[in-house]
Amino acid sequence: MMKKLQQIGYPLFFIVMALLPAVLNSRWLAVATTFVIFTIVALSQDVVLGKAGMFNMGQAMFFGLGAYTSAILNAHFGWPLLATLPLAILIPAIFGILLAGPIIHLRGDYLLVATIGFNIVFVQALQNNLGGLTGGPNGIFGLQMLSIPGMGSFQDFTPYYSALIVLLFTLFILRNLDNSKAGRALQYLREDDLAAGSIGINTRIYKIYSFALGAGIAGMAGTIYANQYSAVSPEAFDFIQSVLFFTIVIVGGSSVPGIIIGVFVMFVLPEIFRDFSTWRYFIFGFAMIFTMILRPRGIWPAKFGRIPKAFIKKG
Amino acid sequence: MDGKVLILKNVTKRFGGLVAVDNLSLHVKEGQIYGLIGPNGAGKTTAFNCITGIHACEEGSITWGGEEIRSLPPHKIVQRGIVRTFQTIRLFSQMSVAENVMSGRHIKSNQNLWHGIFHTPASRKDENDNWKAVFDLLDFFDLEKYAVHTVGALAYGIQRRVEMARAMAIDPSLLILDEPAAGLNDKETLALVETIYRIREKGVTVLLIEHDMDLVMEVTEYLTVINFGGKIAEGTPDEIQKNPAVIEAYLGSEDDDF
């Protein structure tokens, strides 16, 4: 039953998402685009937090690293935005490895605090116009956006559809991850670190791997984010954003539908209730409290038992 | 030297001032079922932790097939064919039985890290081969009907079997069982004895800690008895049963006041 729902669920979701721009005005199209981008970042956060079970409160930094890599290469070196994508994935991934390496043995809250620190240092560096490249507190603007040749009239929709394509690509990667040795290793070390080591899993390598993969995907989302606004600025990647991504995974649960619900609750709902201004942050608080009480593993928790069907015997 | 011999020489492990394992020496031959027994708190589990790399021992040497393995981390010891189970079951409790056993195939799988991002035909085949190995093992341990069940929700005896299946999934040369019969009823214990014999038939050396004396005396071929971290006796089960030092350790000496 659940399986069937998921089988039709994904195509249905993408059909609805593909048709959405037809009914949205420009403000809501921007919200929808950001919704898709945040879904990608939240999925990348889920690789570290949900799958490998490490409290990473610095995902916005990797998101920002990707965005700034694209922006700097585009604004200062004149690369087309699409050409910056490989580096926007690679550089955050490398930073993920370098930063996670020394702190990976920290557990729980200690890791969380260390990653918050990284995030704050990152934003400070951006604001201080590091190397004359990051543009200080205002960031970098006037980026050349992605465009499809001969589709000039379609330009308004390119950010949205490029985000959707990247989301599809991310889901494809995560599906491969779930059905691979590396992906399962992450699940094992979340469940029981010591037992994972005792059956031969090098927990250190796989913890760093999850950081690198999460950072790479977040960096990819960063490029799309820079494309959406044709600008980047430090406050979009500060610690509060990391908290948002963290909360999405906790509230939604460590599954793709959970993440989508999480982004909807934590990002789209506050946009809908924008008229209530700061009161909408009540949603954050209440959503957290209610999921903690009613669904401690998230609204749509992870499902296990992903076993190839060919092997399962009836009965 | 033969590749399958485990030798502990004068192994000592201290926790602060407490000597948990004191000058312990063992010689486990290939294909043996070797027992390590002793009263509660004698240091049996600590000795196992030293062998499997969870604790690093301060003194002595642990050699496996002539290679010093004393200071290796747990995952490297597993790569050399030594695997253990835990006294308190440590399974991945939210996951299914098949996924738990699959974890043992981790070091046998030849997928690389990047196969977690993109699969190739070779990695898909590898994936399939490993699942097949898992289901063969589930068959061996009679666990097939539980394959998709969440392991944390299963009965204790079944969880014990899953943990053994997971350990066997790495194709070990030496299987270390830490109190495999703890919490099992008589019928399950009988099945366990049967299973241990079948594991040995596969050419696996078995080293076990056990409190159930009937089980130990029945299955083991050679025994070492330790108390307060140090060895007090060793020999065949028959010799051990007659050894006065062992009787004293277990039952107290005659002039003890009760």
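Mentor: Happy to! The C-alpha centres of domain 1 of chain B and domain 2 of chain B lie 27 Å apart. Bear in mind that this is a predicted model, where local features need pLDDT of at least 70 and side-chain atom pairs count only at pLDDT 80 or more, while totals for chains, interfaces and linings use all residues. Residues are numbered from 1 along each chain as its sequence is written, with chains lettered from A and ligands numbered from 1 in the order in which they are written.

Domain 1 of chain B is made of 1-79 + 174-179 + 206-252, and domain 2 covers 82-171 (bounds from an automatic or database domain assignment). Where they touch, domain 1 of chain B contributes 14 residues and domain 2 of chain B nine (contact: C-beta atoms, placed from the backbone, within 7 Å). On the domain 1 side, α1 (44-51), α2 and β7 of chain B each supply at least two residues (DSSP runs numbered from the N terminus: helices H or I, at least four residues; strands E, at least two). β7(B) gives the most to that side, with five residues. By class, the domain 1 side holds nine nonpolar, three polar and two charged residues (nonpolar: Ala, Val, Leu, Ile, Met, Phe, Trp, Tyr, Cys and Pro; charged: Asp, Glu, Lys and Arg; polar: the others, Gly among them).

β7(B) also belongs to a sheet. Six strands of chain B form this open, mixed sheet in the order β6-β7-β8-β3-β9-β10 (strands pair if DSSP finds at least two bridges between them). Its edges are β6 (82-84) and β10 (230-235) of chain B, each pairing on one side only. Neighbouring strands are turned by 20° against each other on average, direction ignored. Within the sheet, β3 (residues 33-37) and β8 (residues 205-209) of chain B run parallel and are joined by four bridges; B:L36, for instance, has B:I209 in β8(B) as its bridge partner. Helix α6 (residues 186-201) of chain B lies across β3, β7 (174-178) and β8 of chain B, running at about 150° to β8(B) (axes are lines fitted to C-alpha atoms, for helices over the stretch in contact; angles run from 0 to 180 degrees between N-to-C directions).

Finally, the partner chain: 39 residues of chain B meet 31 residues of chain A. On the chain B side, α2 (74-79), β6, α3 (97-104) and α4 (121-140) give two or more residues, and α3(B) gives the most, with five. That side of chain B divides into 16 nonpolar, 16 polar and seven charged residues.

Conventions
Contact = placed C-beta atoms within 7 Å.
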